Amino acid sequence: MVEPAGAHLAPTVAETLAPPLEGTPLVALDDIHVTFTTHRGLFRRGQVRALAGVTAAIGRGETLSVVGESGSGKTTLGRVSLRLADPTGGRVTFDGRDITRDPQGSLAWFRQRAQIIFQDPFSSLNPSMRVRDLIEEPLVIDGVSRGGERWDRVRGALEAVDLVPAVRFGARYPGQLSGGQRQRVGIARALVREPDYIVADEPVSMIDASSRIEILQLLRGLQAQRGVAFMSITHDLASARYFSDRIAVLYLGQVMEEGPTGAVIDRPLHPYTRALVAAVPEPDPANRFRRRAVVPAERAGSDPGTGCPFFSRCPERIPGTCDRVRPLLAGQGGGQRVACHLYPGSTPATVDAGADRASH
Ligand SMILES: Nc1ncnc2c1ncn2[C@@H]1O[C@H](COP(=O)(O)OP(=O)(O)OP(=O)(O)O)[C@@H](O)[C@H]1O
Ligand SMILES: [Mg+2]
């Protein structure tokens, strides 16, 4: 039996079993697996395991930040939640409907309700289209036929992202805008369909520091005013703290820890989350959301075998258990869940029973 370091936090059975959200979540990702086949040369093929059994849920109007280092599978998870990438295993449910295998042609309703804001505002906008046409395009695709209605909605989206006067900004080309303004166009393009769910994939990482806070404030305001649910993808715990209700920490395609933002940042349980929190830089007025490498990166996509993916880097690993047995995500009270053998409920019962028998 593994000595539970967090024994004082021992959950009740109800907490261990309780779903993270009340009611049906808007977005439910259930045991998602994604394996990519890569081609190296003509005949050599490799497999990259981008996600290995991720379960996550986002309620209406809620923001879940997905945090993890490069290659941990954040973008893949966001894309799977939008059915822009197909999972090799698991289930994607939106508003109670299982959409895992729905053909793209039948997903028009979903495309109107779920949108993405891209990381790179420089390459994600067609440079030869005017801003108003870029924002109008989704409405044309949706078959909104009245030009007057389309412009009203385009103007509303431009005003929502503070690109005013809308007529003047609408007439510009992306090349005539700053990085922050371009990202506002990307946000307006997502908003114009009045979605219920938006994936924001590192929306501020490529724009200048002075615009970052403004964009995060804008997104947070939209979340509050419109009740949009967000999956916010970030390297950075500081922006996650600012922006999210809950945080899920990904490491090599698996959730290490998940829970309310305050709990995960103020009382991180997993040794990996503790390392991330310890590495958050002090606020720097010139560059508030500056990135810093946390711990040396494991080879992204490498196969962690059957044990905990963090085993080889973990200062608190338990040889014989952590290298062999995959920890389960187990509730630790207050909605916080952790996949780590140091905590009760993470070690599968069969392993515990086996260890107990062996010790007798
Ligand atoms: N289309 C693809 N084909 C092959 N491998 C892929 C593909 N997309 C992602 N991967 C691999 O899957 C793993 C997870 O990638 P993903 O882009 O989801 O990570 P990420 O956490 O978003 O990283 P970053 O912070 O660098 O954006 C990586 O090893 C990546 O190389
Ligand atoms: Mg990414």
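Rings of Phe, Tyr and Trp, the last by its six-membered ring, form an aromatic pair if their centres lie within 6.5 Å. The model shown in these close-up views is predicted, and the structure holds 8 such aromatic pairs.

**View 1. The aromatic pair of Phe-94 and Tyr-197.** The two ring centres are 6.4 Å apart and the planes meet at 45°, so the pair is classed as tilted. Phe-94 belongs to strand β4 (residues 89-94) and Tyr-197 to strand β7 (residues 197-201), so the contact ties together parts that are 103 residues apart in sequence. Phe-94 has a relative accessibility of 1% and counts as buried; Tyr-197 is likewise buried, at 0%. Ring pairs link Phe-94 and Tyr-197 with Trp-109 and Phe-110 into a cluster.

**View 2. The aromatic pair of Tyr-272 and Phe-310.** Here the ring centres lie 5.2 Å apart with the planes at 55°, so this pair is also tilted. Tyr-272 is part of helix α11 (residues 271-278), while Phe-310 lies in the loop between α11 and β11 (330-331), so the pair joins parts that are 38 residues apart in sequence. Both residues, Tyr-272 and Phe-310, are buried.

**View 3. Arginine residues over aromatic rings.** Arg-172 lies over the face of Phe-169, at 4.6 Å from the ring centre. The charged end of Arg-220 sits over the ring of Tyr-242, 4.1 Å from the centre of that ring.

**View 4. Val-140 in helix α4.** Val-140 lies in this helix, which spans residues 131-141. With a relative accessible area of 49%, Val-140 is partly exposed. Val-140 and Arg-150 are 10 residues apart in sequence, and their C-alpha atoms are 8.1 Å apart in space.

Key: Residues are numbered from 1 along each chain as its sequence is written. Chains are lettered from A and ligands numbered from 1 in the order in which they are written. This is a predicted model: local features need pLDDT of at least 70, side-chain atom pairs count only at pLDDT 80 or more; totals for chains, interfaces and linings use all residues. Side-chain values use heavy atoms; hydrogens and water are left out. Helices (H or I, at least four residues) and strands (E, at least two) are DSSP runs, numbered from the N terminus. Buried means under 20% relative accessible area, exposed over 50%, partly exposed in between (1.4 Å probe, protein chains only). Rings of Phe, Tyr and Trp (its six-membered ring) pair if their centres lie within 6.5 Å; planes under 30 degrees apart count as stacked, over 60 as edge-to-face and the rest as tilted. A charge sits over a ring if NZ of Lys or CZ of Arg is within 6 Å of the ring centre and within 35 degrees of the ring normal.
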